Amino acid sequence: MSDMNDLTLESVNARIEKAAAFFSNKDIVYQTEFFGADNLVKADYCSLYLKLENLLTTGSFKLRGAYYRMSLLTDDEKIRGVVACSAGNHAQGVALAAQKLGVKATIFLPTVAPLYKVEATKRIGGDNVEVKKHGTVYDDTYQAAWEYCQQIGATFIHPFNNIDVIAGQGTVGHDIIKQCKSRKLTLDAVIVPVGGGGLISGVAAAVKHANPDCKVYGVQASGASGMCRSFKSGKLQDSKYINTFADGIAVRSPGKLTYEMCKQYVDDIVTVQDDEIATAILKLLEHHKCVSEGAGAVAVAAAMHGKLPLHGKRVCAIVSGGNIDINILSRVINRGLLTTGRFTELLIEMLDKPGSLAEVSAIIANVGANVVKLSHDQGGKGTKITGCYLSISLETKDRKHLDEVINALKAKGYKVIYKESNYEKNHIY
């Protein structure tokens, strides 16, 4: 079958079954964890399950598609080697396949790819892999990689727009079906992260073949929403600008093949904001000790923030990867705390007199918040001569608790300026 001529559920699922059988005889790709996580969503919203692809050897589902595609190389193709482009996770999958299969691979990554992913690609591939950097987004990297591949006569291992890669990614859906069957569980929906569309294409084919009534929803970062806009408009579209920390799905142009499959088998695609993704990463880490990267957490973010019609449904959210740079992780955690109202900076205007600081501290303590840092500055132009500003950083349980702190201060006559850093706007109470 050619990539674009036979996309029936039966045909695509036959490829997925073949890929699943291939992996069942290997110890490279294994069935990842599937478990309930209702504590991540509101009690009256849905029953949530997680599929943890971040636990695979390379930290991402991308290993499935890359390895399966490369396992199909002919002897001649193996001799000529392969070329790939990636934001980082596909690169690691190709690198591991190259090392295991004895194939030379040249892998192109964006210049802004997280250092962790670059170094992991080199480490995993060893002498079989050469890494080249080009461009600042995946699409620019792809163009350079494709041109280089044509020059040297190698085989191009596309990260998503290839039917065998899609079949490999579809084994995630195959896993979910088997795991649900063993638990006598019927899912109402599966939520899938979307970049170029390889994962959702494969998962949708597997899920719809097994249960046509099960909804398949895709989720993109709002700053890289090409597939979402294409899906809703009915016409393949690019994202003019990419602006998200979820580098694993920061794709400007969706695949033609994956777009066609999404049109046929996906029920809807929605977007989430970076702050919502950060909150999901924080919750996964805090409640399930699960490290997710931005791309890996978008499905959970959609469920947490009520982006889909899931009320009363049994839902699986795929955590597609966990390869997050540790420096970014600390910033993401901080953003998640800010977004959920658990860490806040308040600026309080008050009289500069003995006892004022003690009174403010007592008010905050009585409400149960924790002061982390404070600083005192005498008032400037526009304030009373005897006035001052007290800047306080404090920890609260959530936004409701934060409101209690602010209302308690207001009740005592204090003017409170709440600086909501993540939205860069001030609220004066």
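Q: What makes aspartate 164 count as buried in this predicted model?
A: Buried means under 20% relative accessible area. Aspartate 164 has 15%, so the residue is buried.

Q: Why is the contact between aspartate 164 and arginine 15 called a salt bridge?
A: The cut-off is a side-chain nitrogen within 4 Å of a carboxyl oxygen. Here the N to O distance is 2.6 Å, so the pair meets the definition of a salt bridge. Aspartate 164 lies in helix α7 and arginine 15 in helix α1, so the pair ties together parts that are 149 residues apart in sequence.

Q: How do you know that lysine 117 and glutamate 293 form a salt bridge, too?
A: Look at the distance again: 2.8 Å from N to O, and the limit is 4 Å. Lysine 117 sits in helix α5, while glutamate 293 is in the loop between α11 and α12, so this pair links parts 176 residues apart in sequence.

Q: Are lysine 117 and glutamate 293 buried or exposed?
A: With the cut-off for buried at under 20%, lysine 117 is buried at 0%, and glutamate 293 is buried at 2%.

Q: Why is lysine 263 called partly exposed?
A: Partly exposed lies between the buried limit of 20% and the exposed limit of 50%. Lysine 263 has 41%, so it is partly exposed. Glutamate 260, at 25%, counts as partly exposed as well.

Q: What makes lysine 263 and glutamate 260 a salt bridge?
A: Their closest N and O atoms are 3.6 Å apart, and the definition asks for within 4 Å. These two residues are three apart in helix α10, separated by about one helical turn.

Key:
Residues numbered from 1 in each chain as written. Predicted model: local features only at pLDDT ≥ 70, side-chain atom pairs only at ≥ 80, totals over all residues. Heavy atoms only, no water. Helix = DSSP H or I, 4+ residues; strand = E, 2+ residues; numbered from the N terminus. Buried < 20%, exposed > 50% of the residue type's maximum accessible area, 1.4 Å probe, protein only.
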